[in-house]
Amino acid sequence: MKENLEVIKAQAISAIETAADEKEIEELRVKYLGKKGELTAILKQMGSLDPAERPIMGQLVNEAKQSLEELIGKKKSELLAKATELKLKAETIDITMPAKTSKPGKLHPLNSVLDDMIDIFQSMGFDVVDGPEVETDYYNFECLNVPADHPARDMQDTFYLGENLLLRTQTSAAQIRTMETRKPPIRVICPGRVYRADEVDATHSPVFHQIEGLVVDKGITMCDLKGVLEQFAHEIYGKDTKVKFRPSFFPFTEPSVEVDVSCSECGGKGCRVCKGSGWIEILGAGMVHPRVLESCGIDPEEYSGFAFGIGLDRLTTTRYKISDIRLLFENDKRFLEQF
Amino acid sequence: MKISLNQLKTYVDINIPVLEMCDKMVMAGFEVESIEKQGDNLVNVVAAKILEITPHENSDHLQICQMDIGKGEPIQIVTGAQNISVGDLVPAALDDSYLPNGMHIVAGKLRGVPSNGMLCSGEELCLTENDYPGASVHGILILRDEHPAGTDMREVLGLDDYIIDFKITANRPDCNCFLGVAKEISVVLGTKFNPPVPEFKTIGDKIENYIDVQVENFDLCPRYMGRLVKNLRIKPSPDWMQKAITASGMRPINNIVDITNFVMLETGQPMHAFNYNDIADKKIIVRNANEGESITTLDGVEHKLNTDMLVIADGQKPSCLAGIMGGRESEIEDDTKDLFLESAKFRRDNIRHTGRALGMRTEASGRYERGTDINNVEFAMNRALQLIYELDAGDIIEGTLDRHQGLPEERIITTTTDKILELIGVDVPCDTIISILNSLGLNATIDGNEVTCRIPSIRDDIEGRADLAEEVMRIYGYDHIVGTPMRGEVIRGKKLPERLKNDKIKALLSGLGAFEVTTYSFIASKAIDTLRLAEDDARRNQVNIINPLGDEYSVMRTQLVTSMLTVLSTNINRKNGDGRFYEISKRFIPKQLPVTEQPDELPEMCIGIYGKDEDFFTLKGMVEEIMKLFGAHTRYERSSEPYLHPGRQALVKANNKPVAVLGEVHPDVAASYGIDTRVYIAEIKLDVLYTIEKRKTTYKPLPKFPAVERDFAMLCDIDIPVGNLEQAIVSGASRLLEKVELFDVYTGSQIPEGKKSVAFSVALRSSEGTLSDTQIEEVNSRIIKKLEAAGAELRK
């Protein structure tokens, strides 16, 4: 009987090890360990043994059963792992096939640049305000120290809608409205659409966009103006960017300056972008003219302030190297997708 | 203003290279628009000596010249001119040379004979008789002076000057002249300023014996000064004066006219010369024009005048349009004998007004518009007389007719150094402040820290400490300003609610695959007609631009649809397969027409989509997502927007307020934009949408009990909206409803004519417990009842 057991065990082990799939394993399990299996049959024959041999034999059979069960379990998981591996291998895909996506749209490049700028100025404590695009002569000119028939009016060609109504030529008009409604300290920017009667070409558009900045408080100086513009320039053009003031004239600021930044393309050495000068003019600025403060009910002896106006369209075209401003208003999807 | 550098050097020492001087001027507030080196457009042209002339075999007019160009070996040049002989010195444009008229000369062959350049005429070198005697001769320019062969023609012609174009800002009318700029240069460079000192002799007699001057309107003409010059000796003006005038873009005419122009360019004070013999009644009257009067100006144009316009009249008629242009009748001509010379101040806004009204702008009126100095009137007059005297152009009569009502005193500005520096934030030493102000002629004195300036009338632009601060800084140098970081408490700035809401919509639409566009706010006046609107549609009430760039941009838009259709058309015609676009901008709605007050500017959003996967419902999906963003309860109703497809459009009501329309664009409208495919447009009134108060979101517990799903399939008349059936299910299921979803609409085989099959999937759930069969049966039958009431019949 003992020999018989050894034979059965050896047969079973070899059969299990060569089993090809899960089904065959299961058949072997039934064949050897099932109710009518060969090992079970040996157990049934135990009655014919000498009582003294029975426990020994019983233990042997149980050991054989246990080792076969273990072997079957091990073989089963081996086969399962192999099957899974094969299945996954068969499922291999070409990862260079195109992505399936619902493609997101984009902000217009002007507004994506504007959003960056708003973020920069908000972080410096500037509130973002709005003003009407159709302005009165008073807010667009008179209050900004440009009386009727003043030669400074020639600096801007204005679209008129009525005797006293015009399309604002500058967001500076919003300065006045802000100073009328807020008390110092004031720190605002007003981004918006402005209009000038310029014929359309690659660098001119009768509709364009400005960001007006205004700060009014006690003791504001040109150093504060430069500080704010430096921070702005560092964030937009990089931290090594230098800022230079050049004297200029705007009726609503005194002193007035044009502001240049060192050319980010060549680092100030001179290149095609900056026409060899190393500097790029980015905005006009100055200390708010005392008469402008006065006409808004702010005492220029007590308060001072600065204002600046940034051309958004120019900033956008230089940032993205867009050669023709008309592209901004044409809205070709292949253009809009790029930003 | 363009100025000759050589001319500037007669007033001020310029001890540094021209480019460096220009850089310094830029940093003092005088932008340099261009620096033109004379002769820059005359390259590789030399004086050459003709060694030999032989006829050309194949031509009866061409000649072959052997030319000495100073290089040892002569070169051969073929010419068609006949006025040359051996030994002549002539200008020769060599291979690869440029002429002032833009011509580029290269070596080539003329009728088979090699020619290594071109012999030039005076005309080809853009020379006149004034530039070089003989320049106007037909043929080659024969040079008179001796020069070694090979001398550059720029040297021969004395072209050694620079012409600098300074951009003079509107606040500095005093610098629209040689002396103004020279004075600034002297301050910037710290060198001596040498203005001319007018001196001349008269021949006696008395001006009162010849003429009288009356000013009727001192408001428009605060000062009028006249002098008389007899026995004019009219001839060309000297070379230096012609060069100075030409450099500044004016044309030399004769000594008298040139003197008036030169004095204007030099001093900034326009002068006018009248032919004394043409002045009727020997009277000069400065007055407003009479109704119906007219004048023919020097340019030969007749102008009808009105009573706002100031004229210089004689005893009978206007003889000059004050400050703008003289009359043809009193023009100085070659045979003019006696001269009445005017130097005057006119009010700038009046000159500007008249100039605009008549469409005239001259060197004189430009200067008057910007403002001239009342005290400069006399200096300029004396300077003109000095030049007349020195150039022996006539005999000056004793006496000046000077009409004014008092001349202004110097204005006193008192402030402190602290007040000046307060605006700048830079510590400039007191004595530096004072010396800068004095160098600019602002007569500053200091007592402690109190600064007193006596401002001459020529610096009208200086009104207070802010102006003084600018004067100090632009000379001291803006480079001294050091940026200081934002002071005080900095808390993040805020956006207005509308901007925040726009931002939210834009983020949503980007997620939905839509691209933001920007279009002009003004559109063609006829664009609105493309929308098939009724005659009385309010959108036709558009605000006109009085001076548009053209009809294409002539009215402020009352809707964004036409602009969006243009965007769609552009993209479709460029074969961009599909697209979703949106714009957030303003509608301009007038309160009245013609406008007398600001129109309402209402925020509006327009969406436009097209492409093979797009239809009414994809657009509806976009609109719905926007509505959800603001927590709006929406309802869709049939609408009758004329520009949309009559059967494929809807009005959207949010919380019962009309907030949007959407639909497929009417094919006729699309066709007028060259669009031959289906496109869809939605307009959303953001002003209405933004009034909706979004309810606060509060968490609802996740369901504890299972849901029951039931499908309802039904037949109904084909024109019953599925929305009605959905409503029936909603009200039948009441608060047990968790979800209702349309999953099939079908017409065709097996469905009776005029009917459709509709199927909904409905999920029911109670928050209180698992639904019992009885509960489910109850709800079922309520739903069926409601559906039957709505006209549907359940399919078994």
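Does Asp96(B) count as buried or exposed, and how many C-beta neighbours does Asp96(B) have inside 10 Å?

A: A word first: this is a predicted model. Asp96(B) counts as exposed, because 12 C-beta neighbours lie inside 10 Å and the cut-off for exposed is 12 or fewer. Asp96(B) lies in strand β6 of chain B, which covers residues 89-98. The backbone deserves a look here. Asp96(B) is not a glycine, yet its phi is positive, at about 60°. Most residues other than glycine have a negative phi.

Asn655(B) has a positive phi too, of about 45°, and is not a glycine either. Asn655(B) sits in a loop of chain B, between β34 (644-654) and β35 (657-665). Asn655(B) is partly exposed, because 17 other C-beta atoms lie within 10 Å.

Next, the peptide bonds. Most peptide bonds are trans. The bond joining Pro184(A) and Pro185(A) is cis, with omega about 0°. Pro185(A) is in the loop of chain A that runs between α7 (172-181) and β4 (186-195). In chain B, a cis bond joins Leu593(B) and Pro594(B), with omega about -10°. Pro594(B) is also in a loop, between β31 (579-589) and β32 (600-610).

Glu410(B) lies in the loop between β23 (401-404) and β24 (411-416) of chain B. Glu410(B) is partly exposed, because it has 14 other C-beta atoms within 10 Å. Leaving out residues up to four places away in sequence, Glu410(B) touches Arg454(B), Ile455(B) and Pro456(B). Ile458(B) is 48 residues from Glu410(B) in sequence, and their C-alpha atoms are 9.6 Å apart.

Lys755(B) belongs to strand β39 of chain B, residues 755-764. Lys755(B) is partly exposed, with 16 other C-beta atoms within 10 Å. Beyond four places in sequence, Lys755(B) touches Leu715(B), Cys716(B), Asp717(B) and Ile718(B). Gly80(B) is 675 residues away along the chain, and 97 Å separates the two C-alpha atoms of Lys755(B) and Gly80(B).

The largest nonpolar core has 164 residues, and Val311(B), Ala322(B) and Ala384(B) touch the most other members. Take Ala322(B). Setting aside neighbours within four places in sequence, its contacts are Cys221(B), Val286(B), Leu310(B), Val311(B), Ile312(B) and Phe346(B). Another core, of 68 residues, lies apart from that one; its members include Leu166(A), Leu568(B), Met605(B) and Val661(B).

Key:
Residues are numbered from 1 along each chain as its sequence is written. Chains are lettered from A and ligands numbered from 1 in the order in which they are written. This is a predicted model: local features need pLDDT of at least 70, side-chain atom pairs count only at pLDDT 80 or more; totals for chains, interfaces and linings use all residues. Helices (H or I, at least four residues) and strands (E, at least two) are DSSP runs, numbered from the N terminus. A residue is buried if 20 or more other C-beta atoms lie within 10 Å of its own, exposed if 12 or fewer, and partly exposed in between; C-beta atoms are placed from the backbone. Two residues are in contact if their C-beta atoms, placed from the backbone, lie within 7 Å. A nonpolar core is a set of buried Ala, Val, Leu, Ile, Met, Phe, Trp, Tyr and Cys residues joined through C-beta atoms within 7 Å.
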